[in-house]
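Dear colleague,

I am handing over the structure below, and after it I set out what was found when it was examined. Please read the notes with the coordinates open beside you.

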Amino acid sequence: MRLRTVEELDAIHDALAAEFAKVEAPIMDLVAAQTRDPWCVLIGTILSARTKDQVTAQAVRRLLPAAPTPQALATLSVEEIERLIFPVGFYHAKARHLAALPAALEEKFGGTLPDTVEALCELPGVGRKTANLVVALGFGLPAICVDTHVHRINNRLGVVRTKTPLETEMALRRRLPQRLWIPWNSIFVSFGQTRCKPVGPKCEGCPVAAFCLDKGKRK
């Protein structure tokens, strides 16, 4: 199967960016736009995993005033963090990771939040998806965050042919012009949440139907 050309990648980006402009941005884009603070983006991204945006937003509004810095977070117990972030998904585990974060940050990086994916992945509760999002939205540096939406839709559109999100990230790093790296996640997450869903996608009037390999196959 032929993968998409750079011209086609630009066309896909432009079409989805126009669609993105019509809907509410994913929660982490809103956090980044409001704070421009990598710490806030990190906390919000950890909370957002397996959690609806509305629930994440409420938890962020409760936790960040109490933990605007790593030093402030270090003063909170696991139980206090749990109360502040409930009912985000897996809140027990997330509270433990958050409680361990300040000490790990101090031990590994002298208390300064690192700006590379590899370094961020050394912190508790931080995987590649979270790390890429912090680098891109928090620090404004080139990074490609791949979640299930990005993985699924890029395969549907013939941008990549991969089996896992990690494979998709590495393929996109090779194939995408760097100027598209940061916005790629936002527009695909929004598109996956509002139109191109795993089951029952809203195909009628789809702005990238011309590129879809599944066109006519899903109902």
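**The cavity and the helix that lines it**

In the lining of the largest cavity, α12 gives the most, with 4 residues. Please keep in mind throughout that this is a predicted model. A search of the whole structure finds 1 cavity of 30 Å³ or more, and the volume of the largest cavity comes to about 40 Å³. Its lining is made up of Leu133, Ala136, Leu137, Ala143, Ile144, Cys145, Trp181, Ile182, Asn185 and Ser186, and the elements that give two or more residues to this lining are α9 and α12. Sorted by class, the lining of the largest cavity has 8 nonpolar and 2 polar residues, with no charged residues.

How many of the residues of α12 are buried? The count is 10 of 14, so that α12 is mostly covered, taking buried to mean under 20% relative accessible area. The buried residues of α12 are Trp181, Trp184, Asn185, Ser186, Ile187, Phe188, Val189, Ser190, Phe191 and Gly192, and they pack against α1 (6-20), α2, α9, α10 and α11 (165-175).

The helix α9 is largely enclosed by the rest of the structure, because 9 of its 11 residues are buried. These buried residues are Thr130, Ala131, Asn132, Leu133, Val134, Val135, Ala136, Leu137 and Gly138, and what covers them includes α2, α3, α8 (117-120), α11 and α12. After α9 comes Gly140, which has a positive phi, near 70°.

**How α10 meets α12**

The axes of α10 and α12 are 8 Å apart, and the two helices pack at an angle of about 85°. Since angles of 65 to 115 degrees count as roughly perpendicular, α10 and α12 are therefore roughly perpendicular to each other. On the side of α10 the contact is made by His149, Val150, Arg152, Ile153 and Asn154, while α12 brings Trp184, Asn185, Phe188, Val189, Phe191, Gly192 and Gln193. The residues of this contact of α10 with α12 divide into 6 nonpolar, 5 polar and 1 charged.

**The largest pocket**

For the largest pocket, the space amounts to about 700 Å³. Its lining holds 27 residues, of which Thr45, Ser48, Ala49, Arg50 and Lys129 lie nearest the centre of the pocket. Two or more residues of the lining come from each of α2 (27-35), α3 (38-48), α7 (91-109), α9 (128-138), α10 (148-156) and α12 (181-194). By class, the lining of the largest pocket has 11 polar, 10 nonpolar and 6 charged residues.

**Backbone geometry to look at**

As background, most residues other than glycine have a negative phi, and most peptide bonds are trans. Against that background, Arg50 deserves a look, with a positive phi of about 55° although it is not a glycine. Arg50 is placed in the loop between α3 and α4 (53-66), and at 70% relative accessibility Arg50 counts as exposed; as mentioned above, Arg50 is also among the residues that lie nearest the centre of the largest pocket.

Where is Phe90, which also is not a glycine and has a positive phi of about 55°? Phe90 is found in the loop between α6 and α7, and with a relative accessibility of 55% Phe90 counts as exposed. The loop between α6 (78-85) and α7 also holds Pro87, and a cis peptide bond, with omega about 10°, joins Phe86 and Pro87.

**Two further loop positions**

Lys163 is in the loop between α10 and α11 and counts as exposed, at 75% relative accessibility. The C-alpha atoms of Lys163 and His151 are separated by 8.5 Å, the two residues being 12 residues apart along the chain.

Thr112 belongs to the loop between α7 and α8 and is exposed, its relative accessible area being 53%.

With kind regards

Notes: Residues are numbered from 1 along each chain as its sequence is written. This is a predicted model: local features need pLDDT of at least 70, side-chain atom pairs count only at pLDDT 80 or more; totals for chains, interfaces and linings use all residues. Side-chain values use heavy atoms; hydrogens and water are left out. On a 1 Å grid over the protein atoms alone, a cavity is a set of points where a 1.4 Å probe fits but cannot get out, and a pocket is an open set with protein on both sides within 12 Å along at least five of seven lines; lining residues have an atom within 4 Å of a point. Grid points are joined across faces, edges and corners, and a volume is the space filled by probe spheres set on the points. Ala, Val, Leu, Ile, Met, Phe, Trp, Tyr, Cys and Pro count as nonpolar, Asp, Glu, Lys and Arg as charged, and the others, Gly among them, as polar. Axes are lines fitted to C-alpha atoms, for helices over the stretch in contact, and angles run from 0 to 180 degrees between N-to-C directions. Angles under 35 degrees count as roughly parallel, over 145 as roughly antiparallel, 65 to 115 as roughly perpendicular and the rest as oblique. Contact means heavy atoms within 4.5 Å. Buried means under 20% relative accessible area, exposed over 50%, partly exposed in between (1.4 Å probe, protein chains only).
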